[in-house]
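Have a look at the picture below, and then we'll walk through it piece by piece.

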Amino acid sequence: MLVLAAVLTLSACGSGEGLRVEGAGTPVLSAPSSERGFLPTQAPTKRTPPAVTVNLAQVRLALLGNKELDPFFRTVLATCFVFERCMIRGPTVNVLQSNYPQLVVMIHTGDKFVYGAVLMAIEPRGPREVWSLRGERLKITESQQKDLVVESGIFAVDDKPCCPSVTRVEIYHWNGRQMIKLSSQDQKGD
């Protein structure tokens, strides 16, 4: 019997993993490692946010619920019940550099004359207005620096209704609290 106890004790010490001592607490499980004393490193897993979608009806309700909405936008949206007649989905961007995207929505009249745009944060609890801009013939894109590039038509007194003679290009940047204008440049047409 004494020989059996000695063999079991020696075989436990000679397993190659060393002597394991456990106390009264929860046992600690060791992971196999190629180097003694070090646990293998694990790359952190990247968390992918859940897909969040929004339709123009949700955007309209969120905008009308905002007490600080531009009065002209409120007038257009309050009388518009066929959403495609007063709103156009613009590009999806990530200028806030957050886990959720933002959607540019153009506000226009029934004849597709764009009067302005809003930037909506698309969040799990619903869309939220981040920024708005009034302007005519807007084209809004995201730059490589995660800024908004806004092109708008500027009409001179003698311009025809179809054709503004100046294109204004403005760059807006999110500073962590609000969109700020970084630059503005007018480009005269032919």
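Two strands pair if DSSP finds at least two bridges between them. The elements themselves are DSSP runs, with helices (H or I) needing at least four residues and strands (E) at least two, all numbered from the N terminus.

## Before we start

What you see is a predicted model, where local features need pLDDT of at least 70 and side-chain atom pairs count only at pLDDT 80 or more, while totals for chains, interfaces and linings use all residues. Residues are numbered from 1 along each chain as its sequence is written, and side-chain values use heavy atoms, with hydrogens and water left out.

## The overall picture

There are three helices and eight strands in the chain.

Of the 190 residues in the chain, 29% are buried. Here buried means under 20% relative accessible area, exposed means over 50%, and partly exposed is in between, using a 1.4 Å probe and protein chains only. As for contacts (heavy atoms within 4.5 Å), take those between residues at least 6 apart in sequence: 33% of them join residues at least 24 apart.

## A four-stranded sheet

Four of the strands make an open sheet in the order β1-β2-β3-β4, with antiparallel pairing. Its edge strands, each pairing on one side only, are β1 (87-93) and β4 (126-134). On average, neighbouring strands of this sheet are turned by 25° against each other, direction ignored. Helix α3 (residues 71-78) packs on the sheet and touches β1, β2, β3 (114-123) and β4, with its direction at about 85° to that of β3. Such axes are lines fitted to C-alpha atoms, for helices over the stretch in contact, and the angles run from 0 to 180 degrees between N-to-C directions.

Now for the pairings one by one. β1 and β2 (residues 102-108) are antiparallel and share five bridges, and T92 sits opposite L103 of β2. Seven bridges link β2 with β3, again antiparallel; here L103 has M120 of β3 as its bridge partner. Between β3 and β4 there are eight bridges, also antiparallel, and A121 has R128 of β4 as its partner. A hairpin of two residues takes the chain from β3 to β4. How enclosed is β3? Nine of its ten residues are buried, so the rest of the structure largely encloses this strand.

## Charged pairs

Side chains of opposite charge can pair when their charged atoms come close. The structure holds six salt bridges, each being a side-chain nitrogen of Lys or Arg within 4 Å of a carboxyl oxygen of Asp or Glu. Which residues form a network of them? E123, R125 and R128 are linked that way. R125 reaches E123 with its closest N and O atoms 3.1 Å apart, and R128 meets E123 at 2.9 Å, N to O.

Elsewhere, E142 and K146 form a salt bridge at 3.5 Å, N to O. E142 is partly exposed, with 28% relative accessible area, and K146 is partly exposed too, with 32%.

D147 lies in the loop between β5 (139-142) and β6 (148-154). This residue is buried but has no salt bridge, and the nearest side chain of opposite charge, K146, is 10 Å away. In that count Lys and Arg are positive, Asp and Glu negative, and His and the chain ends are left out.

So what does the side chain of D147 join in a polar contact? That of H173, at 2.5 Å. A polar contact is a pair of N or O atoms within 3.5 Å; within protein, one must be able to donate a hydrogen and the other to accept it, and residues adjacent in sequence count only if both atoms are side-chain atoms. Leaving out neighbours within four places in sequence, D147 is in contact with V95, T141, E142, I171, Y172, H173 and L182.

## Two loop residues

N99 is in the loop between β1 and β2 and is partly exposed, at 47% relative accessible area. Its C-alpha atom is 8.9 Å from that of E123, 24 residues away along the chain.

E68 belongs to the loop between α2 (56-64) and α3, and this residue is exposed at 73% relative accessibility. E68 and E129 are 61 residues apart in sequence, with 9.9 Å between their C-alpha atoms.
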